[in-house]
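Here is a short briefing on a protein chain. It covers the fold, the surface and the salt bridges.

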Amino acid sequence: MSHLPPNAAIFSPSVARAAASAAKDWSYIDSWLSQKYASLPTGPPQFERNADTLRALLALASANEAADEQRQLLARLEADALRELQAHDEIHSAHTKDDDDDDDHEDNNNNNDDPDPLTSARLAILTSLTNALTREGATALTALASSAVALGISSNPTPQAIGEKLLSLSAETSSLSQTSSRVDALSNYITQETSLTTSLIADLQQESYRPSASLAKENLETQRKIKAMASRLPELRDKAAALAQTVGTPNPTIEQVRREEEAYTALLATKKDLDAQVRSFQGLPPDMDQARQELEGLRTELRQLTQRRDAVFEGLVERETPRKPSRLP
């Protein structure tokens with residue numbers, strides 16, 4: 001109800017409740033803005049106060065408070081985790097100190113059983129790193145170690161080597177999958193062809209198929225013809241070579257063939273034009289004088305038809321043209 005003047009009287013109870021609620025919301029928004037702009041000497045900026053602005057500011061304030069609560073919760077959790085880690089480190093340091101004292105005592109008692117200093121340093125570093133890892137870090141390290149052992153590269157388990165091994169296995173898997181698909185297709189084709197062959201053999205056996213009696217004779221005759229033609233082949237080759245030398249058979253190039261084809265195409269176009277011109281004289285007698293006489297007769301007939309057409313047109317125009325009535329003096 002910010003659009004109402006301050007001194008306006010409200011008689012409706014529902015309007016009064018809405019105005020009271022809006023006033024309470026504006027009070028909350030003003031307080032929140034004052035806290036956010038407390039560092040500025042000018043305070044919050046001026047803005048238009050209406051229902052839309054109130055709804056937007058309420059949503060913004062609610063989201064801001066939720067984010068602040070979440071951030072405070074995370075800060076408390078981190079502080080608690082830090083205190084637990086510090087307590088764990090203190091306990092671990094005390095145990096390590098006791099172990100070191102025991103080791104020094106054993107070293108003084110037995111100097112022949114000294115452990116390797118490099119191994120001890122490695123174990124100490126690994127123990128420190130393991131204890132300092134977070135839950136996510138420990139999970140990631142375990143997954144990395146398991147992957148390296150499964151891939152067979154535990155001697156050099158770097159992320160790059162693991163990635164290369166995974167890519168190689170992926171490529172090999174894809175290749176094996178394609179090979180398996182090809183083998184399956186080939187197996188299905190062989191099975192289909194085998195079934196067709198089996199059915200064909202069964203049909204032939206049922207029909208008691210027997211080759212014709214003259215098949216052997218026809219095979220012998222065909223083989224004899226093939227041998228005769230093969231014996232004549234060198235002679236025919238010699239004749240073809242001699243004829244080529246006598247006639248001079250050219251060896252055309254691709255460019256020559258292209259030019260010949262273009263010339264042939266142009267010749268065909270010329271032939272079509274000449275055929276069209278010849279068809280226009282179709283029906284005339286072969287004698288030139290008779291053709292001229294017939295042409296003159298056709299021209300005379302054409303002129304007569306033209307004159308008749310003009311006369312008919314003039315008569316049509318005169319008939320359709322309205323005539324003006326003559327005025328009597």
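The points below are grouped by topic.

This is a predicted model. The protein chain has eight helices and zero strands. A search of the whole structure finds twelve salt bridges.

**Fold and surface**
- From the N terminus on, the elements run α-α-α-α-α-α-α-α.
- Of the 329 residues in the protein chain, 5% are buried.
- The accessible surface is about 28800 Å². Carbon and sulfur atoms hold 58% of that surface.
- Among contacts with a separation of 6 or more, 41% join residues 24 or more positions apart.

- Asp 30 pairs with Arg 49 in a salt bridge, with the closest N and O atoms 3.0 Å apart. Asp 30 sits in helix α1 (residues 13-36), while Arg 49 is in the loop between α1 and α2 (51-109), 19 residues apart.
- Asp 30 is partly exposed at 28% relative accessible area. Arg 49 is partly exposed too, at 39%.
- Asp 68 and Lys 36 form a salt bridge at 3.7 Å, N to O. Asp 68 lies in helix α2 and Lys 36 in helix α1, so the pair ties together parts 32 residues apart in sequence.
- Asp 68 counts as buried at 18% relative accessibility. Lys 36 is partly exposed at 41%.

**Within a helix, and a network**
- Glu 221 and Arg 224 meet in a salt bridge at 2.3 Å, N to O. The two are three residues apart in helix α6 (residues 215-247), so about one helical turn separates them.
- Glu 221 is partly exposed at 34%, and Arg 224 is partly exposed at 47%.
- Glu 255, Arg 258, Arg 259 and Glu 262 are linked in a salt-bridge network.

Technical notes
Residues are numbered from 1 along each chain as its sequence is written. This is a predicted model: local features need pLDDT of at least 70, side-chain atom pairs count only at pLDDT 80 or more; totals for chains, interfaces and linings use all residues. Side-chain values use heavy atoms; hydrogens and water are left out. Helices (H or I, at least four residues) and strands (E, at least two) are DSSP runs, numbered from the N terminus. Buried means under 20% relative accessible area, exposed over 50%, partly exposed in between (1.4 Å probe, protein chains only). Contact means heavy atoms within 4.5 Å. Accessible areas come from the Shrake-Rupley method with a 1.4 Å probe; for residues, only the protein chains shown count as cover. A salt bridge is a side-chain nitrogen of Lys or Arg within 4 Å of a carboxyl oxygen of Asp or Glu.
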